[in-house]
Amino acid sequence: MTLRERKRLRTRQAILTAATRLFERDGYSATTLDDIAAAAEISKRAIFSYFASKEDLLFPESDARIGAAIDAIAARQPSDGPVQVLMRAMTTTAQESDDLTGRRAALRLRLMRTVPALRGRALQHQLDAQREIARHLAAAFPTELDPISAAALTGAFIGAVTAVLDLLFEGEDPVQSPAEVQATISGAVQVALAPWLRASLENT
């Protein structure tokens with residue numbers, strides 16, 4: 001990683017840290033981009049070099065999670081089935097970031113319950129992820145999945161993750177550590193994908 005890349009990464013993280021802290025303290029609606037820029041010690045204009053909107057500050061890793069799933073599909077082994085690929089992608093993203101299991105995840109879900117714009121953005125991210133991942137799965141496993149079954153599998157996977165997170169972060173002060181959240185998600189995903197797991201085992 002070059003010096004410029006490291007600097008951009010530090011600035012991006014400073015923006016996210018400032019936004020998370022201010023959203024927690026002052027609420028989403030009361031926090032302005034000017035407030036975030038001041039806390040991160042950058043200009044308001046600079047924020048838009050990293051994030052397209054205020055809403056996107058709460059969804060910074062959504063594209064990365066889709067990318068991790070696509071990468072896992074591309075790097076699949078001959079013995080891998082669709083479920084194994086999805087589980088590997090989930091593990092990889094959890095190891096690289098706690099965006100789905102930590103402090104920001106709890107804040108995001110709490111705010112989504114009261115801010116319609118965030119609910120809409122979350123739904124759009126979820127639909128985009130389901131569509132893109134399902135498309136790559138169907139192409140990678142043509143003898144096992146058609147577009148409909150690939151969409152069903154991906155929907156079950158993402159739906160299980162979403163439902164578990166909503167339950168775990170339902171309270172104002174969730175006590176689970178990111179590792180505990182990830183373990184719970186993994187167990188729930190295995191339940192949701194049990195039919196595909198059984199079919200995969202029967203075909204090996």
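1. Basis of the model. Residues are numbered from 1 along each chain as its sequence is written, and because this is a predicted model, local features need pLDDT of at least 70 and side-chain atom pairs count only at pLDDT 80 or more, while totals for chains, interfaces and linings use all residues. Side-chain values use heavy atoms, with hydrogens and water left out.

2. Confidence. The chain has a mean pLDDT (the predictor's confidence in each residue, from 0 to 100) of 91, and 95% of its residues reach 70 or more. Confidence is lowest in helix α10 (residues 194-202), with a mean of 72, and highest in helix α2 (residues 33-40), at 97; helices here are DSSP runs of H or I, at least four residues, numbered from the N terminus.

3. Domains. An automatic or database domain assignment divides the chain into domain 1 (3-54) and domain 2 (59-202), whose C-alpha centres lie 26 Å apart. In contact terms (heavy atoms within 4.5 Å), 10 residues of domain 1 meet 10 residues of domain 2.

4. Domain interface. The two domains bury about 860 Å² between them, 56% of it on carbon and sulfur atoms, where buried area is the accessible area (1.4 Å probe) that two parts lose on being put together, summed over both. Of the area that domain 1 buries against domain 2, T20, E24 and Y28 supply 53%, more than any other three residues. Across this interface the rule finds 2 salt bridges, a salt bridge being a side-chain nitrogen of Lys or Arg within 4 Å of a carboxyl oxygen of Asp or Glu.

5. The whole structure holds 11 salt bridges, among them one between the side chains of D166 and R113, at 3.2 Å from N to O. This pair links distant parts of the chain, since D166 lies in helix α8 (residues 147-168) and R113 in the loop between α6 (103-112) and α7 (116-140), 53 residues apart.

6. Pairs within helix α7. R131 and D128, both in helix α7 and 3 residues apart, about one turn of the helix, form a salt bridge with their closest N and O atoms 3.5 Å apart; R131 is exposed at 53% relative accessibility, whereas D128 is partly exposed at 31%. R135 and E132 also both lie in helix α7, 3 residues apart, and their salt bridge has its closest N and O atoms 2.8 Å apart.

Conventions:
Helix = DSSP H or I, 4+ residues; strand = E, 2+ residues; numbered from the N terminus. Buried < 20%, exposed > 50% of the residue type's maximum accessible area, 1.4 Å probe, protein only.
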